[in-house]
Amino acid sequence: PNPNFAQNSLAGAYLDGPVNFAGGERSLETLHLRYDQPNKLYLSYEEHLVGDHGYAVFSMNPITRPQKQYNLLASTTLSPAMALGTFVQESTFQHGLSRPLSASAYASVGTTISLRHSFVGIGTNNFYSSLLAQPDLHPGYGGQLFYGDVAHYWNPDHPFFGGLGWNGWDTQVGKFPLYYRLRSGIGEAYDQYGEQYFGGVLYRALWYHYTGGTFYTPAFKLGGKSVPGNKAFYLNAVFDKQRTWYTVPHHVDAANTTFSLSRSFGTKIASYLAYNIANVGDFYNGALQSSAYPPGSLYYIVNGKLVKNPFPDYVAFRGFSTTRALSAGLAYTPSYYFQTFVNLRKSNDWPEPIPPTGYNIYYVGRPPYELDLDARLRISPTFAIELARSYYFNWGGYAKWTPTYYLRTGF
């Protein structure tokens with residue numbers, strides 16, 4: 001009956017079979033038989049400690065492989081208006097519980113405070129590249145410090161990030177069918193080796209502050225009746241805008257607009273059509289814009305011949321981009337045990353995406369056309385299988401189906 005038992009601190013896996021072997025009203029100890037592509041079949045361990053106002057979940061994953069993660073996820077309600085949470089992860093390379101050859105960590109602590117018509121979030125993120133003591137110098141490796149072999153090198157870097165954000169509640173604009181939600185915040189990123197080098201200056205600390213807002217409409221019904229199985233269309237519109245200022249003399253504007261039209265056909269079929277446009281601009285002062293985004297060359301020489309650059313958009317790129325997408329989706333749910341989803345997207349982006357080639361399977365940006373297929377089969381009330389794959393319409397002559405299926409099963 002306590003929902004805090006549902007918290008999970010394990011990393012994702014293709015297959016997960018939990019075996020509860022001990023516990024009580026306030027605790028639960030579980031062994032997990034799991035499978036994923038890198039580790040194959042392995043064992044993991046998870047422990048829950050649960051109270052009326054919080055929880056702590058610890059996991060060791062995997063137990064039977066040298067590349068391990070120790071995760072701690074905890075949360076507590078200090079008062080009706082304040083909650084505190086943390087996530088700590090240590091990644092090690094160790095055989096069994098022996099002394100690790102490498103160990104790094106990440107720690108996040110955050111609190112949420114409710115105000116009269118808004119709330120405040122305060123959080124920190126700490127990254128520890130090497131937790132182990134500095135090893136002895138290995139001669140003959142150019143001064144590189146490592147444990148055991150060069151794959152486990154020592155890195156003393158310890159970046160830090162902290163921030164405070166304010167978020168308003170949803171508010172209606174007078175009696176108009178329009179709502180808004182405002183936000184603002186301030187934060188700092190620090191790295192002893194430097195966060196950014198620009199204009200001959202090494203910035204170890206980067207301060208930033210931002211302000212933004214989301215404006216949206218309720219769902220406008222276009223014909224039909226508001227009953228199950230209706231034939232009405234519903235229209236929604238959302239606009240979001242944020243500006244972020246940085247210590248380095250520049251600011252970033254990001255705007256996102258979406259219009260969507262949805263309709264249900266009975267209780268088993270639902271569909272939608274959506275158009276989205278997103279603009280991102282990175283603004284530097286005056287001549288600094290060309291320093292941040294230097295111009296490229298429209299032509300270059302190959303084997304003594306002048307060849308035109310096949311990607312002229314990136315030659316002209318100065319920190320401003322626009323992405324557009326028209327999407328159509330259909331969900332079919334004939335029963336509680338089966339669901340399938342189809343989504344077709346056409347993108348028109350600037351800079352144009354770079355397709356894969358015969359010698360380079362990687363690409364930059366979104367494929368111009370993408371078809372996503374997803375099917376979910378529920379075997380029992382506690383076990384389901386999901387299978388998904390995407391098709392890129394032979395983009396660039398090489399990008400057809402995604403290299404693998406996306407398969408997820410679990411209890």
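The side chain of Ser390 makes a polar contact with the side chain of Asp372 at 2.6 Å, where a polar contact is a pair of N or O atoms within 3.5 Å, of which, within protein, one must be able to donate a hydrogen and the other to accept it, and residues adjacent in sequence count only if both atoms are side-chain atoms. The structure is a predicted model, in which local features need pLDDT of at least 70 and side-chain atom pairs count only at pLDDT 80 or more, while totals for chains, interfaces and linings use all residues. Residues are numbered from 1 along each chain as its sequence is written, and side-chain values use heavy atoms, with hydrogens and water left out. Ser390 belongs to strand S24, which covers residues 383-395; strands (E, at least two residues) and helices (H or I, at least four) are DSSP runs numbered from the N terminus. With a relative accessible area of 13%, Ser390 is buried, the term for values under 20%, whereas exposed means over 50% and partly exposed lies in between (1.4 Å probe, protein chains only). When residues up to four places away in sequence are not counted, Ser390 touches Glu370, Leu371 and Asp372 as well as Lys400, Trp401 and Thr402, contact being defined by heavy atoms within 4.5 Å.

Thr340 is partly exposed, its relative accessible area being 22%. Between Thr340 and Leu377, which are 37 residues apart in sequence, the C-alpha to C-alpha distance is 8.7 Å.

Thr92, in strand S6 (residues 82-93), counts as buried at 1% relative accessibility. Its side chain makes a polar contact with the side chain of Gln94 at 2.9 Å. Apart from its neighbours within four places in sequence, Thr92 is in contact with Pro66, Gln67, Lys68 and Tyr70, and also with Pro100, Ser102 and Ala103. The C-alpha atoms of Thr92 and Tyr70 are separated by 8.3 Å, although the two residues are 22 residues apart along the chain.

In the segment before strand S1 (15-23) lies Asn4, a buried residue with a relative accessible area of 15%. A polar atom of the Asn4 side chain is 3.4 Å from the backbone oxygen of Gly51. Leaving aside neighbours within four places in sequence, the contacts of Asn4 include Gly51 as well as His48, Val50, Gly54 and Tyr55.

Aromatic pairs were searched for over the whole structure, and 18 were found; rings of Phe, Tyr and Trp (its six-membered ring) pair if their centres lie within 6.5 Å, and planes under 30 degrees apart count as stacked, over 60 as edge-to-face and the rest as tilted. Tyr106 and Phe127 form a tilted pair, with 5.0 Å from centre to centre and 45° between the planes. This pair links distant parts of the chain, 21 residues apart, with Tyr106 in strand S7 (residues 102-114) and Phe127 in strand S8 (residues 118-128). Tyr106 is partly exposed, at a relative accessible area of 22%, and Phe127 likewise counts as partly exposed, at 37%. The pair of Tyr293 and Phe317 is edge-to-face, because the ring centres are 5.4 Å apart and the planes stand at 85°. Since Tyr293 lies in the loop between helix H1 (288-292) and strand S19 (299-302), and Phe317 in the loop between helix H2 (312-316) and strand S21 (320-335), the pair ties together parts that are 24 residues apart in sequence. Phe317 is partly exposed, with a relative accessible area of 22%. Tyr293 and Phe317 also belong to one aromatic cluster with Phe198, Tyr284 and Trp350.

For the protein chain as a whole, 2 helices and 26 strands are assigned, and the C-alpha trace spans about 70 × 70 × 50 Å along its principal axes. Of the 411 residues, 32% are buried. Among the contacts with a separation of 6 or more, 46% are accounted for by residues 24 or more positions apart.
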